[in-house]
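Please open the model in a viewer and keep a selection panel at hand. The stops below move from one selection to the next.

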Amino acid sequence: MSVTPEGQDAVERTRAIRAAPVAVAVAAACFVVLGVLGFGVRTEFEPQLRLDAAVSEALYAGDHRAAALNALLEVLTAAGASWVRLVVFLPVFVLLLVRRAWWTAAWLLTAVALIGPLTGVLKVFFGRVRPDFAEGGARLESLSFPSGHSSGIATLVTIGLILAWPLLATRGRRWALAGGVLLVVLVGLTRMWLGVHFLSDVFGGWALGVGWSLVTALVFGAFADGRAALRPTS
């Protein structure tokens, strides 16, 4: 049974309308995860700390890893850095201004520019030091929970998916979602391979990045027929 263009449009509108309640639920779940993990860090919840330590020891690539491996890990983990978000989203931001998509541009600027400072504030609040290994480890002076690279890549991917979703066909959406999830997981793993974060730091960063991106998308109206939602050009 074939579907008319009008029927397909109706299906797409129905799916878009359902996106906002789903986004609310996912954002709420993300902040619950962040809160629970953060509470465990602040109260030094022993089962969480033991799991973090065990996973860190198991995944850490070691101080004496090969130079080629270290270079590879540094390249892979860079996807979560703030300068990468700038490189990726600055052209998008300019294009949105050219198209006079003011609300979309405002959402993009808010979500991308504030995730770093927000992560930094939470790091200070929770006050967790970096992993410490018998052979030395990373020896970074900055704090650990939540992971800034993890929150950064989760923000980049979530915003990218929300922006691109209305413009992609069904198959393209599946590939974009799969690729985005893979990139988020990969960056999180590199933080532990490099020995600079615990497992709960990474999960906390993911939760923060996704939750923050969804909340700002809801506030600015980036879903369905909201004022910040992109629409395919005819």
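**First stop: a pocket between helices**

Select α4 (82–98) and α5 (102–126), each of which supplies at least two residues of the lining of the second largest pocket. The model on display is a predicted one. Of the contributing elements, α4 gives the most to this lining, with six residues. To display the whole lining of the second largest pocket, select Ser 82, Arg 85, Leu 86, Phe 89, Leu 90, Phe 93, Leu 108, Leu 109, Val 112 and Ala 113. The volume of the second largest pocket is about 220 Å³. Coloured by class, its lining shows eight nonpolar residues, one polar and one charged.

**The overall fold**

Return to a cartoon view of the protein. How many helices and strands does the secondary structure hold? The protein has eight helices and zero strands, and the pattern along the sequence reads α-α-α-α-α-α-α-α. Colouring by relative accessibility marks 41% of the 234 residues as buried.

Next, select residues 148–164 for helix α6 and residues 170–193 for helix α7. Two packed helices are described by the angle between their axes and the distance between the axes. Here the axes come within 9 Å and cross at roughly 175°. Are α6 and α7 roughly parallel or roughly antiparallel to each other? An angle over 145 degrees counts as roughly antiparallel, and α6 and α7 are therefore roughly antiparallel.

Show side chains for the contact. On the α6 side, select His 149, Ser 150, Ile 153, Ala 154, Val 157 and Leu 161. On the α7 side, select Ala 176, Leu 177, Gly 180, Leu 183, Val 184, Val 187, Gly 188 and Arg 191. By class, the residues of this contact of α6 with α7 comprise nine nonpolar, four polar and one charged.

**The enclosed space**

Rolling a probe the size of a water molecule over the atoms shows where empty space is left. The structure holds one cavity of 30 Å³ or more. About 40 Å³ of space lies in the largest cavity. Select Thr 104, Trp 107, Ile 162, Leu 163, Pro 166, Ala 222, Ala 228, Ala 229 and Leu 230 to see what lines the largest cavity. The elements giving two or more residues to this lining are α5 and α6. By class, the lining of the largest cavity has eight nonpolar residues, one polar and no charged residues.

Centre the view on Thr 119, which is placed in helix α5. Thr 119 has a relative accessible area of 3% and is buried. Setting aside neighbours within four places in sequence, the contacts of Thr 119 are Pro 146, Ser 147, Gly 148, Ser 151 and Leu 208.

Then move to Phe 126, also in helix α5. Because its relative accessibility is 13%, Phe 126 counts as buried.

**Backbone details**

Most residues other than glycine have a negative phi, and most peptide bonds are trans. The last selections concern exceptions.

Which form does the peptide bond from Phe 145 to Pro 146 take, cis or trans? The bond is cis, with omega near -5°. Pro 146 lies in the loop between α5 and α6, and Pro 146 is one of the contacts of Thr 119.

Select Glu 44 in the loop between α1 (5–43) and α2 (46–59). Glu 44 is not a glycine, and its phi is positive, near 55°. With a relative accessible area of 56%, Glu 44 is exposed.

Finish at Arg 100, found in the loop between α4 and α5. Arg 100 has a positive phi of about 60° although it is not a glycine. The relative accessible area of Arg 100 is 63%, so Arg 100 is exposed.

Technical notes: Residues numbered from 1 in each chain as written. Predicted model: local features only at pLDDT ≥ 70, side-chain atom pairs only at ≥ 80, totals over all residues. Heavy atoms only, no water. Axes fitted to C-alpha atoms, helices over the stretch in contact; angles between N-to-C directions. Helix = DSSP H or I, 4+ residues; strand = E, 2+ residues; numbered from the N terminus. Parallel < 35°, antiparallel > 145°, perpendicular 65-115°, else oblique. Contact = heavy atoms within 4.5 Å. Nonpolar A, V, L, I, M, F, W, Y, C, P; charged D, E, K, R; others polar. 1 Å grid on protein atoms, 1.4 Å probe; cavity = no way out; pocket = protein on both sides within 12 Å on 5 of 7 lines; lining within 4 Å. Points joined across faces, edges and corners; volume = space filled by probe spheres on them. Buried < 20%, exposed > 50% of the residue type's maximum accessible area, 1.4 Å probe, protein only.
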